[in-house]
Amino acid sequence: MVKKVSNQNSTQYNLCCDHKQVFSCDHLPHNAINKETSVSAFCNQTLMALVIICGQPSSGKSTAALCLAEALNNIEPKPNVRIIDETSFHLDRNQTYAEMTSEKNLRGVLRSEVDRSLSKDNIIIVDSLNSIKGYRYELWCLARAAGIRHCVLFCDVEETDCRNWNKERREKDGISYNDVIFEDLVRRFERPDRRNRWDSPLFELWPFKDGIDKSSPAIIDLVSYITKKVDSKTRDVKILQPTIATQSARFTEANSLYEMDRATQEVTSAIVEAQSLAMGGPVTGLSIGHNLPTINISRSVGLPELRRLRKTFIKLTGQSSLSGLPPPLDADSAKRMFIDYLNQEFGSG
């Protein structure tokens, strides 16, 4: 039995193992996966991924999410792992799946929470039925827009076994699906297919046959996949790349505008400080970051002029008209483009 303690929109789990070995996660040694995922595979690399857990109702998905989170938390340094599930929103499963409208609303709430949570320093685990392939495609699109890794963990359990587990849960703690809703969900379940890009890579668990724990082969392989260091020679790990249309759409969001404003402000402040140290004289070869071009100013530039240039740059970039390039998506890209713009302005002046 899995006990859940909700905290706002994320969930922490406490596991009570009382069903054979199927739902056991806490008897393994702390370093159970060290030989599979060495420290060198993820040191000095930001971890980011979206893991979608899917399966029939009462197939062990929440336990799989817990065991996956525990396996990831055995890594040093520990990644930022978050589980997003239905109980985080204090919703009753039988009421939620009783009508198509409420079920659709639930999917919308989960999708919005995933979209808000995706970043380049989070590993997000979506613990839900995720039974509709169209919905899994929508989640895959969110991962692509964020430019992160994506994978699917499928709890493959026979319908009869799921039905028996559901009845056992009802007898123990009452947290179960009623028979009508259970049969409807089983009927509508769409199995993931690794040939579909939104279902790939696909990691398969067999909870009834093999049990679920953090040393399960599927969980070991999944942890290795989302923590493996990627370089130009890597072929077995795919980081989704956003399309130009997705980039432009996400750039218009408030967080992207904030990054643009902060990046240009840092460049402006660095120039003001450098000119102050130079007693108002020219500033050449000013570097404000690794792999960023240097700033060269051959004359004294006042703060009002810098503010005017900064405002013009942000306006031009927002219109995607500067140099015919798509708008920058991160702080370093914004700084690079702003420095190039300033060097051009100062050079022409």
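Student: Is the crossing of H1 and H8 left-handed or right-handed?

Tutor: This is a predicted model, in which local features need a pLDDT of at least 70 and side-chain atom pairs count only at pLDDT 80 or more, while totals for chains, interfaces and linings use all residues. Residues are numbered from 1 along each chain as its sequence is written, and side-chain values use heavy atoms, with hydrogens and water left out. Helices (H or I, at least four residues) and strands (E, at least two) are DSSP runs, numbered from the N terminus. A crossing is left-handed if the near helix is turned anticlockwise from the far one by less than a right angle, and right-handed if clockwise; that of H1 and H8 is right-handed.

Student: Which orientation does H1 have relative to H8?

Tutor: Axes are lines fitted to C-alpha atoms, for helices over the stretch in contact, and angles run from 0 to 180 degrees between N-to-C directions. Angles under 35 degrees count as roughly parallel, over 145 as roughly antiparallel, 65 to 115 as roughly perpendicular and the rest as oblique. The axes of H1 and H8 (residues 217-227) come within 10 Å and cross at roughly 50°. The orientation of H1 to H8 is therefore oblique.

Student: How many nonpolar residues does the contact of H1 with H8 have?

Tutor: With contact meaning heavy atoms within 4.5 Å, Ala64, Cys67, Leu68, Ala71 and Leu72 in H1 meet Ile219, Leu222, Val223, Ile226 and Thr227 in H8. Ala, Val, Leu, Ile, Met, Phe, Trp, Tyr, Cys and Pro count as nonpolar, Asp, Glu, Lys and Arg as charged, and the others, Gly among them, as polar. The contact of H1 with H8 has 1 polar residue and no charged ones, and the number of nonpolar residues is 9.

Student: How many charged residues are there in the contact of H3 with H4?

Tutor: Helix H3 (residues 100-117) and helix H4 (residues 133-146) have axes 10 Å apart at an angle of about 15°, and are therefore roughly parallel to each other. Arg107, Leu110, Arg111, Val114 and Asp115 in H3 meet Tyr135, Glu138, Leu139 and Leu142 in H4. In this contact of H3 with H4, 5 residues are nonpolar, none is polar, and the number of charged residues is 4.

Student: Are H5 and H6 roughly parallel or roughly antiparallel to each other?

Tutor: H5 (residues 159-172) meets H6 through Glu159, Cys162, Arg163, Asn166 and Arg170, with Asp179, Phe182, Glu183 and Val186 on the H6 side. By class, the contact of H5 with H6 has 3 nonpolar, 1 polar and 5 charged residues. The axes of H5 and H6 lie 12 Å apart and the packing angle is about 155°, so the two helices are roughly antiparallel.

Student: Which element gives the largest share of the lining of the largest cavity?

Tutor: On a 1 Å grid over the protein atoms alone, a cavity is a set of points where a 1.4 Å probe fits but cannot get out, and lining residues have an atom within 4 Å of a point. Grid points are joined across faces, edges and corners, and a volume is the space filled by probe spheres set on the points; the whole structure has 1 cavity of 30 Å³ or more, and the largest cavity has a volume of about 90 Å³. Its lining includes Glu103, Leu106, Arg107 and Leu110, and has 6 nonpolar, 3 polar and 3 charged residues. The largest share of that lining, 4 residues, comes from H3.

Student: Where is the proline that a cis peptide bond joins to serine 200 found?

Tutor: The peptide bond from serine 200 to proline 201 is cis, with omega near -5°. Proline 201 is found in the loop between helix H6 (179-188) and strand E7 (202-205).

Student: What is the phi of histidine 90?

Tutor: Most residues other than glycine have a negative phi. Histidine 90 is found in the loop between E4 and helix H2 (93-96). Although histidine 90 is not a glycine, its phi is positive, at about 55°.

Terms used:
On a 1 Å grid over the protein atoms alone, a cavity is a set of points where a 1.4 Å probe fits but cannot get out, and a pocket is an open set with protein on both sides within 12 Å along at least five of seven lines; lining residues have an atom within 4 Å of a point.
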